[in-house]
Amino acid sequence: MPPPTPANDEAHQQLLNTLDISHVPKPFRNPHWKPSQRRNKNLKQIISEASRKEASALATQANSTATTPGASGAVTNGTQTPAEGAAPNLSQATQNLSTLVLEKNARATFPSGPAVTYTNIESAPSFNPAYHHHYCDITGLNGPYTDPKTRLRYHDKEIFKVIRSLAQGVPENYLEARGAHTILK
């Protein structure tokens, strides 16, 4: 092999540079990509916006009586005499009526109980079957079995024998304690 010459070495380096793929620019994104204009909101943002809208609606209703003509304490020009006694203030009555309507509508949409939040301990029980556990009506242990005759839940075969030996009317008391009794009229 002949010794490398500077011209040969330079041509070889240029060939390596053209074949080298590490020098080719590779953009990470498509140059035509644009972010989505849709903004997804989480539950906390939705609830806070709804409460802000409700608070602003109540605030505008509360402030609407300040500019309503005919409010109590109106000054007369002398041609009219205010009625003797306390006449009802029409603007306050309409404000109270609108507040009552809003409260009634809120009660209709949220029929009972407090508002459910992640930190509220007073929220309703879950209807998710994964969190629905059955307990033995006699012992309070895990009750995976149900007696078809009495509909009582039991833990094992020993408790089953106890259930079958109960007097008439006692299983209904256990079902009533659990809230699963049937009332026939």
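## Glu 49 and Lys 41

Glu 49 counts as partly exposed because its relative accessible area is 25% (buried means under 20%, exposed over 50% and partly exposed in between, with a 1.4 Å probe and protein chains only). Lys 41, at 38% relative accessibility, is likewise classed as partly exposed. The side chains of Glu 49 and Lys 41 meet in a salt bridge, with 3.0 Å from N to O; a salt bridge is a side-chain nitrogen of Lys or Arg within 4 Å of a carboxyl oxygen of Asp or Glu.

This is a predicted model, in which local features need pLDDT of at least 70 and side-chain atom pairs count only at pLDDT 80 or more, whereas totals for chains, interfaces and linings use all residues. Residues are numbered from 1 along each chain as its sequence is written, and side-chain values use heavy atoms, with hydrogens and water left out.

## Further salt bridges

The count of salt bridges comes to three. One of them joins Arg 178 to Asp 137, whose closest N and O atoms are 3.1 Å apart. Arg 178 belongs to helix H5 (residues 170-178) and Asp 137 to the loop between helix H3 (90-109) and strand E1 (145-146), so the pair ties together parts that are 41 residues apart in sequence. Helices (H or I, at least four residues) and strands (E, at least two) are DSSP runs, numbered from the N terminus. Asp 137 is buried at 15%, while Arg 178 is partly exposed at 28%.

Arg 164 forms a salt bridge with Asp 147, with 2.6 Å between the closest N and O atoms. This pair links distant parts of the chain, 17 residues apart: Arg 164 lies in helix H4 (residues 157-164) and Asp 147 in the loop between E1 and E2. Asp 147 is buried, with a relative accessible area of 0%, whereas Arg 164 is partly exposed at 41%.

## Arg 153

Arg 153 lies in strand E2 (residues 153-154). Arg 153 is buried yet has no salt bridge, and the nearest side chain of opposite charge, that of Asp 137, is 5.4 Å away. Its side chain does make a polar contact with the side chain of His 134, at 3.0 Å (a pair of N or O atoms within 3.5 Å; within protein, one must be able to donate a hydrogen and the other to accept it, and residues adjacent in sequence count only if both atoms are side-chain atoms).

## An aromatic cluster

Tyr 145, Tyr 154 and Phe 160 form one aromatic cluster. Tyr 154 is buried at 13% relative accessibility, and Phe 160 is partly exposed at 25%.

How values were computed. Lys and Arg count as positive and Asp and Glu as negative; His and the chain ends are not counted. Rings of Phe, Tyr and Trp (its six-membered ring) pair if their centres lie within 6.5 Å; planes under 30 degrees apart count as stacked, over 60 as edge-to-face and the rest as tilted.
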